[in-house]
Amino acid sequence: MPIVTWDGNLEIGIEALDKQHEYLFEVINNLYHKIVKGRNRAAVVDLVDSMKNFVRYHFELEERLMAKSKYPELSKHKQAHARFIEAMEKYEFLGDASMDTLPIEALAFLIDWALWHFLTVDKRFVSHVKRNMDEKELNSLVSAL
């Protein structure tokens with residue numbers, strides 16, 4: 001059973017970003033199952049590394065859309081993204097941390113952050129993007145990445 005479930009209420013209105021957000025939920029669910037079922041540190045570390053790479057790519061796409069649309073809160077949004085990456089590095093599953101507690105703390109952080117970020121911060125920037133970019137330009141930029 002998944003720990004988080006994607007539904008239409010979480011959509012922000014740009015299909016490519018919504019698909020990426022949905023994929024992030026899949027990764028969170030996979031991570032949860034690996035933690036709960038196996039406590040296999042190597043598999044968890046690989047999945048977290050993969051997720052961090054994906055998130056960086058996703059953030060780059062969002063930030064390009066914001067820059068292209070001259071989003072006035074771009075700097076603030078980039079700072080939120082940077083804080084997320086810093087937090088992910090804090091929750092590295094390497095070292096001496098207990099596999100009993102740290103992964104669950106990290107999952108709770110991921111879920112809380114994702115829900116808050118998608119439903120508030122991302123919806124706000126998407127509203128701006130849609131007002132300031134025509135659909136052809138938006139689709140062109142999204143498909144180029």
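This is a predicted model: local features need pLDDT of at least 70, side-chain atom pairs count only at pLDDT 80 or more; totals for chains, interfaces and linings use all residues.
**Exercise 1.** Describe the secondary structure of the protein and how many of its residues are buried.

*Solution.* Begin with the elements: the protein has five helices and zero strands, and from the N terminus on they run α-α-α-α-α. Turn next to burial, where, with buried taken as under 20% relative accessible area, 45% of the 145 residues count as buried. Finally, consider the contacts with a separation of 6 or more, of which 74% join residues 24 or more positions apart.

**Exercise 2.** Work out how helix H2 and helix H5 are placed against each other, and which residues meet.

*Solution.* Two packed helices are described by the angle and the distance between their axes. The axes of H2 (residues 41-68) and H5 come within 10 Å and cross at roughly 145°, and the crossing is right-handed. On the H2 side, Leu61, Arg64, Leu65 and Lys68 take part, meeting Glu137, Leu138, Leu141 and Val142 of H5. Sorted by class, the residues of this contact are five nonpolar, no polar and three charged.

**Exercise 3.** Characterise the largest pocket by its volume, its lining and the helices that supply the lining.

*Solution.* The volume of the largest pocket is about 230 Å³. Its lining includes Gly13, Ile14, Glu15, Lys19, Lys130 and Met133, and by class the lining holds five nonpolar, two polar and five charged residues. Helix H1 (15-37) and helix H5 (135-144) each supply at least two lining residues, with H5 giving the most, namely four.

Key
Residues are numbered from 1 along each chain as its sequence is written. Side-chain values use heavy atoms; hydrogens and water are left out. On a 1 Å grid over the protein atoms alone, a cavity is a set of points where a 1.4 Å probe fits but cannot get out, and a pocket is an open set with protein on both sides within 12 Å along at least five of seven lines; lining residues have an atom within 4 Å of a point. Grid points are joined across faces, edges and corners, and a volume is the space filled by probe spheres set on the points. Ala, Val, Leu, Ile, Met, Phe, Trp, Tyr, Cys and Pro count as nonpolar, Asp, Glu, Lys and Arg as charged, and the others, Gly among them, as polar. Axes are lines fitted to C-alpha atoms, for helices over the stretch in contact, and angles run from 0 to 180 degrees between N-to-C directions. A crossing is left-handed if the near helix is turned anticlockwise from the far one by less than a right angle, and right-handed if clockwise. Contact means heavy atoms within 4.5 Å. Buried means under 20% relative accessible area, exposed over 50%, partly exposed in between (1.4 Å probe, protein chains only).
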